[in-house]
Amino acid sequence: MKILLVEDDVLLSTALFDLLSANRYTIDIASNGQAGLELATSTEYELILLDWLIPKLDGVSLCRQLRSQGYRKSILLLTGKNSNADIVAGLDAGADDYVIKPFDPEALLARIRSLLRRNEAISSSTLTWGNLCLDPSAGRVTCNEQEILLTATEYKLLELFLQNPDRIFSRAVILDRLWGFGDAPTENAVTTHIKDLRKKLKTVGLTEEFLETVYGMGYRIKPAPNRSISVVQTNQDGKKKPAPKDMTAVNRVLERFRNSFVGQVVVLERLKTALLAGNLNEELHQQALHEAHKLAGSMGSFGYPEGSRLARKIEHLLLGDSSLSTEQISNFSQLVTALQQELTKPAVTSTAQNFPVNQTYRLLVIDDDTTLTEQLQAEADSWGIRIKVAPNLATARSLFSLATPDVVLLDLSFPGTEEDALILLSEIVERSPNIPVIVFTGRDTLADRLAVSRLGARQFLHKPATTEQIFQAIARVLPQPQTSEAKVLIVDDDPVILAGLSALLTPWGLEVITLSQSQQFWKVLIATSPDLVVLDLEMPIVNGLELCQVVRQDAQWGDLPILVVTAHTEAEFLQQAFAAGADDFISKPVLGPELVTRVLSRIQRTRRRSQLGGSKS
C-alpha cells in the first residue's frame with residue numbers, strides 16, 4: 001500500500017514515516033501543498049495523509065482541488081483544529097476522515113486501515129445495495145438484473161451515496177462534489193435530481209426506500225435491506241476477542257523523543273572522551289553546553305525528570321571556564337554516565353497521556369439497546385467522554401439523582417412500559433434546564449419532533465445512526481473552549497520543545513505556530529498575528545530578551561502578551577526578563593498543567609481588557 005504524506009513538520013513527518021514504514025506501507029513525503037498536489041496527480045496512491053496547516057497550498061484547499069479534479073482515493077486529514085466548524089469544513093472539502101493532533105499512533109493506524117478497507121470495497125467490480133448494482137468499470141446500473149438508464153448526473157449521484165454508506169450529504173456538499181465551483185447550479189437542482197433518481201429506481205421495481213432525508217442536514221443512503229452477517233471470534237465466556245496489536249511500531253513512535261535525547265547525549269559523551277584524553281576542544285565544549293541546556297529543559301517534559309536534573313548540573317559545570325579541573329572532569333564524566341543510564345529506563349511519566357488535555361464530559365445514555373451502548377462505551381474515551389447507561393426510565397431517574405451529567409442521550413421508546421420517555425424529558429429540562437438533551441429515536445413523526453422541540457431538547461437524532469454521528473451530535477451541544485480560534489506563536493531553537501509545547505496546547509482549541517529560527521521572528525509575527533507569544537530566553541543569533549524588547553518598542557504590537565520559558569529561575573534572570581517586557585515566565589522543564597493554565601488565563605485576561613476598551617490606548 002502506497003501512502004502520500006503531506007506534512008511540513010520535519011520531526012512529525014519523520015516519526016510518521018517510521019511508524020507507517022514499520023507497518024509495511026510505502027511512503028512518499030511532500031513538505032508543502034503544491035508539491036503534494038503534483039505528486040497526487042502524477043502518482044497512484046491508496047491514501048493521502050494530509051496536514052491542514054501547510055505552506056503554499058493549505059490542506060483543505062488541496063483536498064477541495066483534488067476532489068474537483070475527480071480524485072477518488074481516500075484522504076485522511078491531520079489537524080490541530082477541533083471545533084465543529086473546522087471539522088465540517090474539512091469533511092465538506094472532501095476529506096474522508098480526520099484525526100486531531102496530538103493523536104494516538106495506534107488509533108491513527110486503525111483509521112488508516114479502515115479507509116484502506118473502504119478503498120478495497122469501492123474498487124471492487126460492483127457497488128451494491130440489496131438488488132441494486134452499480135458497475136463502475138462498465139458505467140452500468142441494474143436492479144433485479146434489469147438495466148436502469150440514468151443521466152450522467154443521476155449516475156454520479158447514485159455512485160456518491162453507494163461509496164459513502166454512512167455519510168450525510170448536504171445539498172451544498174453534493175453541488176461541490178458533483179459540479180465543482182465553476183458550473184454549479186442552485187441547490188434546488190439537487191432536490192430535483194434526487195427526486196428523479198428515486199422515481200427511476202421505483203420504476204424498475206426497487207420497493208425499498210433507497211435514500212433517507214435527514215431533516216435540516218441533507219440526505220444519506222438507508223441501510224441495505226439484506227445485510228451480510230459478519231463472524232466475530234469470541235472467547236469461551238462469549239466476549240469478543242481483542243484484535244491482536246502490533247505495538248512495536250507504536251512504541252517506536254512514542255520513543256521518538258527519547259531517541260533524540262540519545263543523539264544529544266552522544267555530544268556530551270564525545271566531550272567526556274576528549275576531556276579524559278586531555279584533548280580540550282573549545283568548539284566541542286560550546287556544542288556540549290548547548291545540548292546540555294536543551295536536555296535540561298526538555299527531558300523532564302517527556303518523562304525523565306532525573307535526566308533534566310543531571311543535564312542542568314552538566315550545564316552549570318560547563319558554564320564556567322572551559323579549562324576544567326581534574327575533579328570537575330571526574331564529576332562531569334560521572335554525570336554523563338548517569339545520564340546515559342537514565343535513558344535506558346522507561347519514562348516515568350508521559351505528559352501527553354497523564355495530563356488531561358481534553359476536558360472529560362459525563363454522558364448519561366438512556367437506551368435499552370445493549371449493542372449500541374456497548375459500542376458507545378468502547379469509543380467514549382477517544383471523544384473525552386465518560387458514560388453511564390440506564391436501560392430503563394427508572395434507572396435513569398436513579399442515576400440522575402446521584403450525579404448530574406453534562407449531557408443526556410435519550411431514546412423515546414422502551415418496550416414493556418406504558419410511560420412515555422417524553423415525561424422524563426420534561427422532568428430533566430425542568431430540573432436542569434442548562435443540561436443539553438439529545439433525543440435519539442426511531443420515531444420520526446412531525447408530532448414527535450414538535451413535542452421534543454417544545455419540551456426543550458437540543459437535538460433530534462433519528463435512528464439508525466453511526467456512533468461517530470452520535471458523538472458528533474454530542475460534541476455540537478457541549479460547551480466549546482472560550483479560547484478557541486486564539487493563536488499562539490512559540491519560538492524555541494529546540495524542535496523537541498516546540499513539538500511538546502504544541503502537543504500540549506493544540507487540544508485546547510488553540511492554533512499553534514512554531515518557529516525554531518529566531519531571526520525569522522518579525523516576519524512570522526506579522527504574517528500570523530498571534531494572540532500570545534511564548535519565547536525561549538536562551539537562543540542563538542537572537543535571544544528571547546532581545547525579541548521581547550523589539551515587541552515592546554513597537555506601537556502596534558507593544559501590548560502583545562509574552563510568556564518567557566527559561567531553565568534559569570534565579571532572581572537576576574527573571575528581573576532581566578520582566579525588565580525586557582515579559583508578562584510572565586514558565587520554568588523548564590515545562591509542566592503541562594502550568595503551561596496550559598498560564599496561556600489560557602493570559603489570553604482570556606487580554607480579551608476581557610480588550611472588551612472593556614483597555615487593551616490599547
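Predicted model: local features only at pLDDT ≥ 70, side-chain atom pairs only at ≥ 80, totals over all residues.
Colleague: Is helix H6 mostly covered or mostly uncovered, and how many of its residues are buried?

Modeller: Buried means under 20% relative accessible area, exposed over 50% and partly exposed in between, with a 1.4 Å probe and protein chains only. The buried residues of H6 include Tyr-155, Leu-160 and Phe-161. H6 is mostly covered, and the number of its 12 residues that are buried is 10.

Colleague: What span should the 12 residues of helix H6 have, and what separates its end C-alpha atoms?

Modeller: The expected span of a helix is 1.5 Å times one less than its number of residues. For H6, residues 152-163, that rule gives 16 Å, and this agrees with the separation of its end C-alpha atoms, which is 16 Å.

Colleague: How are H6 and H8 oriented to each other?

Modeller: Axes are lines fitted to C-alpha atoms, for helices over the stretch in contact, and angles run from 0 to 180 degrees between N-to-C directions. The axes of H6 and H8 (residues 187-203) come within 10 Å and cross at roughly 85 degrees. Angles under 35 degrees count as roughly parallel, over 145 as roughly antiparallel, 65 to 115 as roughly perpendicular and the rest as oblique. H6 and H8 are therefore roughly perpendicular.

Colleague: Which residues in H8 meet Thr-153, Glu-154, Leu-157 and Leu-158 in H6?

Modeller: A contact here means heavy atoms within 4.5 Å. On that basis, the four H6 residues meet His-193, Ile-194, Asp-196, Leu-197 and Lys-200 in H8.

Colleague: How many disulfides does the structure hold, and which cysteine sulfur is nearest to that of Cys-133?

Modeller: A disulfide is a pair of cysteine sulfur atoms within 2.5 Å, and the structure holds zero of them. Cys-133 is partly exposed, because its relative accessible area is 25%. Its nearest cysteine sulfur is 8.2 Å away and belongs to Cys-143.

Methods. Residues numbered from 1 in each chain as written. Heavy atoms only, no water. Helix = DSSP H or I, 4+ residues; strand = E, 2+ residues; numbered from the N terminus.
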